[in-house]
Structures are given as C-alpha cells and as structure tokens.
Amino acid sequence: MSITPPQHADMADFPVQGNDLLVGGIPLPQLAQRVGSTPFYVYDRRLLSQRVAELRHAMPPDLKIHYALKANPMPAVVQHLATLVDGFDLASAGEMKVALDTVMSPVHISMAGPGKRPAELLQALAAGITVNVESFHELETLAQLSAQTGLKARVAVRINPAFELKASGMKMGGGAKPFGIDEERLPDALQRIKALDLAFQGFHIYSGSQNLKAESIIEAQQQSLDLALRLAAYCPSPIRTLNIGGGYGIPYFPGESRLDTRQVGTALGAAMARFKAEQPDTEIVIELGRYLVGEAGLYVAKVLDKKISRGQVFLVVDGGLHHHLAASGNFGQVIRKNYPVAIGTNMRGTALETVSIVGPLCTPLDILADKMALPIADIGDLVVVYQSGAYGYTASPGLFLSQPKAEELLV
Ligand SMILES: *Cc1c(COP(=O)(O)O)cnc(C)c1O
C-alpha cells in the first residue's frame, strides 16, 4: 500500500506557454530581461482585480472590504487596490503616506498598532483618518493632541476580545495580548471617549491571521458581531463602523487547501442581517491583507550554481531569505515546510529531480526549497516561489549579508 504525501494546492493562476511561466502575459525569461536583474518580485494586476471581484461575489453585498497595507505596501500595488477596495487599514505613518498618495479618501482609512508614537497620532489626526486606539494612555494622548490642534479625532476602539480565532496561523486576540483594550474594560473606555468629546466611530476587532477553516472564521465573525451588540448600550454615539477583522488565509504548504469563502459569506450574510435588525446604520467591514495580494505575487531568482554534495543536489540561486524570509521558513513557522516552488523556465519538464534550493547567504537558514521533486533545472534557469505577494520583501531582513536589493514590479 502506498501513501501519497500531502501535495501543495494547485497553482494554476499563472498560465504556461511552451516551457515558460507567463506573468502578466509575458514569458518569464523575457520579463527577467525587461527587469534587467534578478531576483525580483512581480505582482499581477489582473489577479488582484480578479481576487477582489470573486471575493465580493462570495461576501454579502453590503459588506465593506478593506486592504491591510502591512501585507504588501508596494505603492503600485496599493494604487491599484485603491480602485478596487472600500478602504485601507494602516499599521504606521509610513504606510499612511503610501495610502494618501492614492485616490482613497481618508474617511475610509484607519490606523491600528500597539505602539503609535505621539508624532504618528498627530499625523493621523491631521490627515483625518480614523485611529483605532489600543490603550487608555493612547486615548489620552490623542485627546490632548486633539485639544491642542482643534482637530476632532476620529476614534474607534480596538478590542481584545475574550474569544480567539481558532485554528489560526497567528492569534492576535483572546487572552493576554498587547493589541487592543480588553473587552471587559470597554465600558470604561467608552465613557472616557464620551467625556473627552472625541468623534466615536466604532470598533475594531481583529482576532487572528492566516486561517483556512471557514467554520473558525464564521464563529469569530459571529462572536464579533455579538460583542459589538452587547457594547452598543455603552457607546457615546451610534456605531458607525464595525471592523470585524479578517484572517482569511491562503494555502502555503502541502496538505492545505483554499478557504471556502462562499461558506463564510453565506453565514456572514445571515449574521449581518441579525445585527442590522438592531443596528441598521452600522457599516460592517472586513480587513484583509494576504488574501487579497498573496496569490498574485511571485518571487523570481536565477540559478547560479548546481552542485551535488554527498548525493544531494543543490540549486544555488541569487535570492534567498534576505528578500523572502517567510519562504525560508523563518517567519513564524515552527516546523519548516516548503512554499510552492516551480522552475519557471522548465514548466513542462517531465523528468523530475529531487533538489534543495538554497540562497547565496552564508547560513544554513537560507533555504527556499528543501528536497523537492522538480523538473530538472540548470544554471541560468529561473526559480519561482508562488504565494509571495504578501509578507515578502518588506517582511524580510534586507540588510543581512549586504546583498543587492530585489526589484519589485506590477504587471
Ligand atoms: C496583520 C494584520 C492584518 C492583515 O492580516 P492578513 O493575515 O494579511 O490578512 C489586518 N489587520 C490587522 C490589525 C493586522 O495586524
């Protein structure tokens, strides 16, 4: 009896022509020539548009979809998304600059993060975006800045709920957390917002990230809506906006399959109808990062050397963990697993070879693929890492070993 090992989910978004992967309709070798150097990150605008359209179809029509820039703040990507989504969520004033360069109105932009500097709060206040306050101290600082400048602060409270998002890659709510104000203390926080005469917007409840289980997301969304209803009585004014977080994941590793967004959308539609029976004027928002951009991006590196060490084949490429920490397995993984990888210049090769793909850094951590069966590659071939549109370049230690930078482009 043979047991098939778990496989990567199908990576069919990028078509193949001859032996080459096509990115934005361009054969990969030609794209590399156009870029002028490897490694590079490439993002596909057609796939970004397609993803948002499919998601809208699956979600309730009155749900607002926001993009969290943290996942990929590349200006061209953010510009494109500004035309597709309903708002942006930021995690720094640096991201605010990118967001405000787009057509998105500040009214649809909010900023979260556990350690906002007074200078950042002032920038947010002056820009007219919503601040998701995460502590009592931050609330007082914002109120002071508001009094000093005469600018009325738009505040929402980020809540650290008592529940958590089950089966998540990263938990960001429930238990003791540096994010948000504990649910139990919300009545006090809301009273303070009223006393300080700030422009109360609503709540932000973000409980976790990278979740592929529809049931877990449905449960957390329902709990978020219920929590907001329980808190409505304490609010200084009606809840204008309720951000119920996101956490929609994408399949990275063998054995993972795509999230069933239709199932999530159907359940959310019913839960929103119940919520709106009590709070008809609240705008309900989800905020997504990787789900919108992750699958639209590739990391491309060139094979510099091919060597065999005691029977094991190594492809040494010109890119690695300094550009793509997550693919090397060093960004929050407990056990290292391979991202989906292909030989972008030998897509139809049928003769396979088990190889390890390593980067140029002088550290055993610099691995892009560990013992994967791939079509045979040689020096000069281009290796592609899929699922690289989120938490790639800006989530990597680019200064490590003083290697050249990667290019980034949107096609
Ligand atoms: C990280 C983060 C996101 C985006 O998470 P994804 O897993 O990329 O969807 C959204 N909102 C907040 C508050 C975050 O911290």
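User: Which residues are linked into a cluster by ring pairs?
Analyst: The model is a predicted one. Across the whole structure, a search finds 11 aromatic pairs. Ring pairs join four tyrosines into a cluster, and its members are Tyr41, Tyr43, Tyr299 and Tyr393.

User: How many residues apart are Tyr41 and Tyr393, which form an aromatic pair?
Analyst: The rings of Tyr41 and Tyr393 make a tilted pair, with 5.7 Å from centre to centre and 40° between the planes. Tyr41 belongs to strand S4 (residues 40-43), while Tyr393 is in the loop between strand S21 (382-385) and strand S22 (407-410).

User: Are Tyr41 and Tyr393 buried or exposed?
Analyst: The cluster formed through ring pairs includes both Tyr41 and Tyr393. In terms of accessibility, Tyr41 and Tyr393 are each buried.

User: Is Pro39 buried or exposed?
Analyst: Pro39 lies in the loop between helix H1 (28-35) and S4. Beyond its neighbours within four places in sequence, Pro39 is in contact with residues including Tyr299, Asp318, His323 and Glu407. Its relative accessibility is 5%, and because buried means under 20%, Pro39 counts as buried.

User: What distance separates the C-alpha atoms of Pro39 and Leu382?
Analyst: Along the chain, Pro39 and Leu382 are 343 residues apart.

User: What separation is found between the centres of domain 1 and domain 2?
Analyst: The domain assignment gives domain 1 as 16-43 + 294-410 and domain 2 as 112-288. The contact between them takes 8 residues from domain 1 and 6 residues from domain 2. Taken over C-alpha atoms, the centres are separated by 36 Å.

User: How far apart are the end C-alpha atoms of residues 48-293?
Analyst: UniProt, in an unreviewed entry, places the feature "domain: Orn/DAP/Arg decarboxylase 2 N-terminal" at residues 48-293. Over this range the chain is 41% helix and 18% strand. The end C-alpha atoms of the range are 6 Å apart.

User: Which side chain is joined to that of Glu134 by a polar contact of 3.0 Å?
Analyst: Glu134 is located in the loop between strand S8 (130-133) and helix H6 (136-149), and at 4% relative accessibility it counts as buried. Its side chain reaches the backbone nitrogen of Gly113 at 2.5 Å. Residues touched by Glu134 include Lys116, Pro178 and Phe179. The side-chain partner at 3.0 Å is Arg158.

User: Over which ring does the charged end of Arg51 sit?
Analyst: The distance from the charged end of Arg51 to the centre of the ring is 4.3 Å. The ring belongs to Tyr291.

User: Is Cys362, listed by UniProt for "active site", buried or exposed?
Analyst: The "active site" listing of Cys362 comes from an unreviewed UniProt entry. Cys362 lies in the loop between strand S19 (352-358) and strand S20 (367-375). Its relative accessibility is 75%, and because exposed means over 50%, Cys362 counts as exposed.

User: Which residue has its backbone nitrogen 3.1 Å from a polar atom of the Thr102 side chain?
Analyst: Thr102 lies in the loop between helix H4 (93-100) and strand S7 (109-111), and it counts as buried at 11% relative accessibility. Leaving out residues up to four places away in sequence, Thr102 touches Val78, Gln79, Ala82 and Phe88. The backbone nitrogen at 3.1 Å belongs to Met104.

Conventions:
Residues are numbered from 1 along each chain as its sequence is written. This is a predicted model: local features need pLDDT of at least 70, side-chain atom pairs count only at pLDDT 80 or more; totals for chains, interfaces and linings use all residues. Side-chain values use heavy atoms; hydrogens and water are left out. UniProt positions are given in the numbering used here, feature names are shortened, and annotations may be inferred rather than shown by experiment. Helices (H or I, at least four residues) and strands (E, at least two) are DSSP runs, numbered from the N terminus. Buried means under 20% relative accessible area, exposed over 50%, partly exposed in between (1.4 Å probe, protein chains only). A polar contact is a pair of N or O atoms within 3.5 Å; within protein, one must be able to donate a hydrogen and the other to accept it, and residues adjacent in sequence count only if both atoms are side-chain atoms. Contact means heavy atoms within 4.5 Å. Rings of Phe, Tyr and Trp (its six-membered ring) pair if their centres lie within 6.5 Å; planes under 30 degrees apart count as stacked, over 60 as edge-to-face and the rest as tilted. A charge sits over a ring if NZ of Lys or CZ of Arg is within 6 Å of the ring centre and within 35 degrees of the ring normal. Domain bounds come from an automatic or database domain assignment.
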